[in-house]
Amino acid sequence: MNILVVCQHFYPETFRINDICTELVKRGHKVSVLTGIPNYPAGKVFDGYEDCFKNPRTYNGVTIYNTDIIPRGNSKKQLILNYFSFWFKGCKKAKELAKAEKFDCVFVYQLSPVFMAFPGIKVSKKQKIPMYTYVLDLWPESLAEMTGIKSGPIFSYIKYLTKKVYNASAKILITSESFKDSIVKSGTPAEKVIFWPQYAEDFYKPVTVSASDEIRNELPKGFNIIYTGNFGEAQKLETAIESAAVTALECPDVNWVFMGGGRDEAHIRSRAEELGLVDKNIFFIGRKPAEEVCKYLSLCDTALLVLKDMPLLNITLPAKIQSYFACGIPVIASCSGEGATIVEKSGAGLACEAENPKKLAEIAINMYNRSVDERNSMKENALSYFETNYKKEKLMDLLEEVIEKI
């Protein structure tokens, strides 16, 4: 099949859609991607990509069409301009692509905002081909959580746009089973909605790190709890920082290691410095290539999942779970809802309610006090649950089955 993928973010930005497209190419499909200029998460255009919208480029056999957009920046105003610029500039590029090439289907990888799907709708309607929307961020609920706007003309308009995307979709794939109720309530037939959880890329796996590997020198001595990924408002990493202040007093051997970065990084670092814990039992090791993450996980004792207490996040299944489980590491989770349920149901770790530093410190110390055999059992449970529920081959087979059926 000749597939057009629409997503505002793509390589060199780090999103799972990069791997999905690569896998589709390996399976014999022709894949093109309509995306923006890479600028996530720092909000600045990546060095060397300032003019990438002028000519198509390739990545792992995927043809990439970038469109010139306003970068995310570091303010809400700039972020809104970024969202709308992809909608309008993306639709213009979509019109050009629809004239230049015939596609068999459109696949929308729908992060925030929902209207990033509209360039896909344009090609779908122009060429009379099916569009499949993969919902990773639920709207208008996401708007309500981010802005507090839960009624009025703006909310009604976003609700209208969301329904338009769902109506234009032949099938709607969802990352969390809890999303289904909301989508069906919008008037979408239940049979149109398919649960398709995220998988972890192949480089997420248990590994053995050699004694001479320099990575060992980046990690502190002691019992290491590691967080990997984005430092954003949704992650509410302040909870973990406050928990570190508790464990510093009660269990000094416990270290909290933060790998990654994002819009809230300066704030998180500042709070850790205020507590006087940086390089004592809180360590920031920066961003690392995704392919290297498994090494850091293998050298740590447990992985951390932490989320803000928000209704939308409580029905979201964080992709971090799949990555952690694939690497076979026990997990401690500070979140409410589906994420916590999976951690406990799988037997792969311990969970507590979101935004409760005292409770998170308690389960961190609980994990520290577990025997090696108990933690090894959690590792085995994590891998087993991953193999059964989040294996890439199984999920890609299902995706092909869905997009090739119509």
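The legends below describe close-up views of a predicted model.

Residues are numbered from 1 along each chain as its sequence is written. In this predicted model, local features need pLDDT of at least 70, side-chain atom pairs count only at pLDDT 80 or more, and totals for chains, interfaces and linings use all residues, while side-chain values use heavy atoms, with hydrogens and water left out.

**View A. The open sheet of 8 strands has mixed pairing.** The strand order is β3-β4-β2-β1-β5-β6-β7-β8. Strands (E, at least two residues) and helices (H or I, at least four residues) are DSSP runs numbered from the N terminus, and two strands pair if DSSP finds at least two bridges between them. The edge strands β3 (57-59) and β8 (193-195) each pair on one side only. From one strand to the next, the twist averages 25 degrees; axes are lines fitted to C-alpha atoms, for helices over the stretch in contact, and angles run from 0 to 180 degrees between N-to-C directions.

**View B. β3 pairs with β4 at one end of the order, and helix α2 lies across other strands.** Strands β3 and β4 (residues 62-66) are antiparallel and share 3 bridges. Within this pair, Thr58 stands opposite Thr63 in β4. Helix α2 (residues 76-100) lies across β1 (2-6), β2 (30-35) and β4, and runs at about 145 degrees to β2.

**View C. The open sheet of 6 strands has parallel pairing.** Its strands follow the order β11-β10-β9-β12-β13-β14. β11 (282-286) and β14 (349-352) stand at the edges with a single partner strand each, so one side of each is left without a neighbour in the sheet. The twist averages 25 degrees from one strand to the next. Strands β10 and β11 run parallel and are joined by 4 bridges; the bridge partner of Val257 is Phe283 in β11. Of the 5 residues in β11, 4 are buried, where buried means under 20% relative accessible area, exposed over 50% and partly exposed in between (1.4 Å probe, protein chains only).

View D. Contact means heavy atoms within 4.5 Å.

**View E. Gln322 is a buried residue of helix α11 (residues 319-327).** The relative accessibility of Gln322 is 0%. Not counting residues up to four places away in sequence, Gln322 touches Pro197, Gln198, Tyr199, Ala200, Leu317, Phe386 and Tyr390.

**View F. The second largest pocket holds about 220 Å³ of space.** A pocket is an open set of points on a 1 Å grid over the protein atoms alone, where a 1.4 Å probe fits, with protein on both sides within 12 Å along at least five of seven lines; lining residues have an atom within 4 Å of a point. Grid points are joined across faces, edges and corners, and the volume is the space filled by probe spheres set on the points. Among the lining residues are Trp139, Phe155, Lys159, Tyr166, Asp181 and Lys185. Helices α5 (152-168) and α6 (179-185) each give two or more residues to this lining, and α5 gives the most, with 5 residues.
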